[in-house]
Every structure is written in structure tokens, then in C-alpha cells.
Amino acid sequence: MGALGLQDVSKPVTSDSIVSLGALSELTGFPVDYIKRELLLDGDDAEDMTMEELRKKVLAYLDSNI
């Protein structure tokens, strides 16, 4: 397991980079279940997603809470 907050800077983050909800949870302090509920993600199949998918979910969340 890598250290939190450290990133591999040898290659840039792209839209198809994979984001782990577990790592996002550890970095933000929000439980994985809370992140899934707020972003309307379904079940256990949504543990990993691309950066582009995460951006779309977050933007939809922000738009719905204006």
C-alpha cells in the first residue's frame, strides 16, 4: 500500500486514470458508503472508476444541490 497523498508523477493524470473510492475516502475522511450514497453509485461494483466518470458524478451532484 502506498503512502496517502503521494502520487506517481512520472505520468500525468488522464481522463482514463482509475480512481479508487477507498483511496478517495482515506484522503477526504468521508466513508466510502457516504461517497457512494451522495454520488448515487450502485453497490460494490462502483469501487473503482475513471477520473472522467468521477468528474461527471461530482458535477451532477453539484448541479443537483444548487
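This is a predicted model: local features need pLDDT of at least 70, side-chain atom pairs count only at pLDDT 80 or more; totals for chains, interfaces and linings use all residues.
I'll start with the overall layout. The protein chain has three helices and two strands. Going from the N terminus, their order is β-α-α-β-α. The chain holds 66 residues, and 17% of them are buried. Its accessible surface is about 5,200 Å², and carbon and sulfur atoms account for 57% of that.

Next, the contacts. Take the contacts between residues at least 6 apart in sequence. Of these, 51% join residues at least 24 apart.

Now the aromatic rings. How many aromatic pairs does the rule give? The count is one. The pair is Phe30 with Tyr34, with ring centres 5.3 Å apart and planes at 20°. Planes under 30 degrees apart count as stacked, so this pair is stacked. In general, two numbers describe such a pair: the distance of the centres and the angle of the planes.

Phe30 has a relative accessibility of 42%, so it is partly exposed. Tyr34, at 31%, is partly exposed as well.

On to the loop residue, Leu40. Where is Leu40? It sits in the loop between helix H2, residues 32-38, and strand E2, residues 48-50. Leu40 is not a glycine, yet it has a positive phi of about 55°. Its relative accessible area is 65%, and the cut-off for exposed is over 50%, so Leu40 counts as exposed.

Last, the second largest pocket. Phe30 and Tyr34, the two residues of the stacked pair, are both in its lining. The lining also includes Leu24, Ile35, Glu38, Leu39, Leu54, Val58, Tyr61 and Leu62.

Which helix gives the largest share of that lining? It is H3, with four residues. H3 spans residues 51-64, and both H2 and H3 supply at least two lining residues each. By class, nine of the lining residues are nonpolar, none is polar and one is charged.

Leu40 lies in the loop between H2 and E2, where it is exposed.

Note on methods: Residues are numbered from 1 along each chain as its sequence is written. Side-chain values use heavy atoms; hydrogens and water are left out. Buried means under 20% relative accessible area, exposed over 50%, partly exposed in between (1.4 Å probe, protein chains only). Contact means heavy atoms within 4.5 Å. Accessible areas come from the Shrake-Rupley method with a 1.4 Å probe; for residues, only the protein chains shown count as cover. Rings of Phe, Tyr and Trp (its six-membered ring) pair if their centres lie within 6.5 Å; planes under 30 degrees apart count as stacked, over 60 as edge-to-face and the rest as tilted. On a 1 Å grid over the protein atoms alone, a cavity is a set of points where a 1.4 Å probe fits but cannot get out, and a pocket is an open set with protein on both sides within 12 Å along at least five of seven lines; lining residues have an atom within 4 Å of a point. Ala, Val, Leu, Ile, Met, Phe, Trp, Tyr, Cys and Pro count as nonpolar, Asp, Glu, Lys and Arg as charged, and the others, Gly among them, as polar.
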